[in-house]
Amino acid sequence: MGSDKNLTSAPLLAALNAEVIARLSALAKETDPSLLEQIFDAFLNEGAERITVIRESVSAGDAEAVHRAAHALKGASTSVGAHGLAGIAGQLEELGETGAVDGAMILIGQLEQEFARVRIEMCKLSETCKPG
């Protein structure tokens, strides 16, 4: 049964970097207790918008827009400790930089799955966040 508990807690490590979250939490504690929630809310709202832009840009064949949106999502993801999400966004950024979007839909599926995992973990850490 102990292994079930380990499997349940494993996504937190995979979705969010504990060191980054600890730094953000310490900053919030020192400055404004609601800061972490504000950061998470902004990231989740803007991240969802960027993923929509990436998906629409791939559908339109607009590699440059994919590149720009994926670059922005990669940077934001790194800042909040969502390194897995940043890695997938980086792959999309590189794909967009080549001027092609072939194969991007597979990466978008992965991006959306990882974003959902990040959202769940952020919501577990935030009092006001609502998953979904």
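Colleague: What is the average pLDDT of the protein?
Modeller: This is a predicted model, and the protein averages a pLDDT of 88. Of the residues, 85% score at least 70.

Colleague: Which elements have the lowest and the highest mean pLDDT?
Modeller: Helix α1, residues 2-15, has the lowest, with a mean of 47. Helix α4 has the highest, at 97.

Colleague: Where does pLDDT stay under 50?
Modeller: Over residues 1-12. For that stretch the model has four contacts beyond four places in sequence.

Colleague: On to packing. At what angle do α3 and α4 pack?
Modeller: About 155 degrees, with the axes 9 Å apart. That makes α3 roughly antiparallel to α4. Their crossing is left-handed.

Colleague: Which residues of α3 and α4 meet?
Modeller: From α3 (residues 35-60), they include Ile39, Phe43, Gly47 and Arg50. From α4 (residues 63-80), they include Ala65, Val66, Ala69 and Leu73. By class, the contact of α3 with α4 has 14 nonpolar, three polar and one charged residues.

Colleague: And how far apart are the axes of α2 and α3?
Modeller: They are 8 Å apart, and the helices pack at about 130 degrees. α2 and α3 are therefore oblique to each other.

Colleague: Which residues make that contact between α2 and α3?
Modeller: Ile21, Leu24, Ser25, Leu27 and Ala28 come from α2. They meet Leu35, Leu36, Ile39 and Phe40 of α3. The contact of α2 with α3 counts eight nonpolar residues, one polar and no charged.

Colleague: What about α3 and α6, at what angle do they cross?
Modeller: Roughly 170 degrees, and the axes come within 11 Å. α3 and α6 are therefore roughly antiparallel to each other. Among the contact residues are Phe43, Leu44 and Arg55 of α3, and Met105, Glu112, Phe115 and Arg119 of α6. The contact of α3 with α6 divides into 15 nonpolar, one polar and three charged residues.

Colleague: Switching topic. How many aromatic pairs does the structure hold?
Modeller: One. The ring centres of Phe43 and Phe115 are 6.1 Å apart and the planes are at 40 degrees, so the pair is tilted.

Colleague: Which parts does the pair tie together?
Modeller: Phe43 lies in α3 and Phe115 in α6 (residues 104-125), so the pair ties together parts that are 72 residues apart in sequence.

Methods. Residues numbered from 1 in each chain as written. Predicted model: local features only at pLDDT ≥ 70, side-chain atom pairs only at ≥ 80, totals over all residues. Heavy atoms only, no water. Axes fitted to C-alpha atoms, helices over the stretch in contact; angles between N-to-C directions. Helix = DSSP H or I, 4+ residues; strand = E, 2+ residues; numbered from the N terminus. Parallel < 35°, antiparallel > 145°, perpendicular 65-115°, else oblique. Left-handed = near helix turned anticlockwise from the far one by under 90°. Contact = heavy atoms within 4.5 Å. Nonpolar A, V, L, I, M, F, W, Y, C, P; charged D, E, K, R; others polar. pLDDT = per-residue confidence, 0-100. Phe/Tyr/Trp six-rings, centres within 6.5 Å; stacked < 30°, edge-to-face > 60°.
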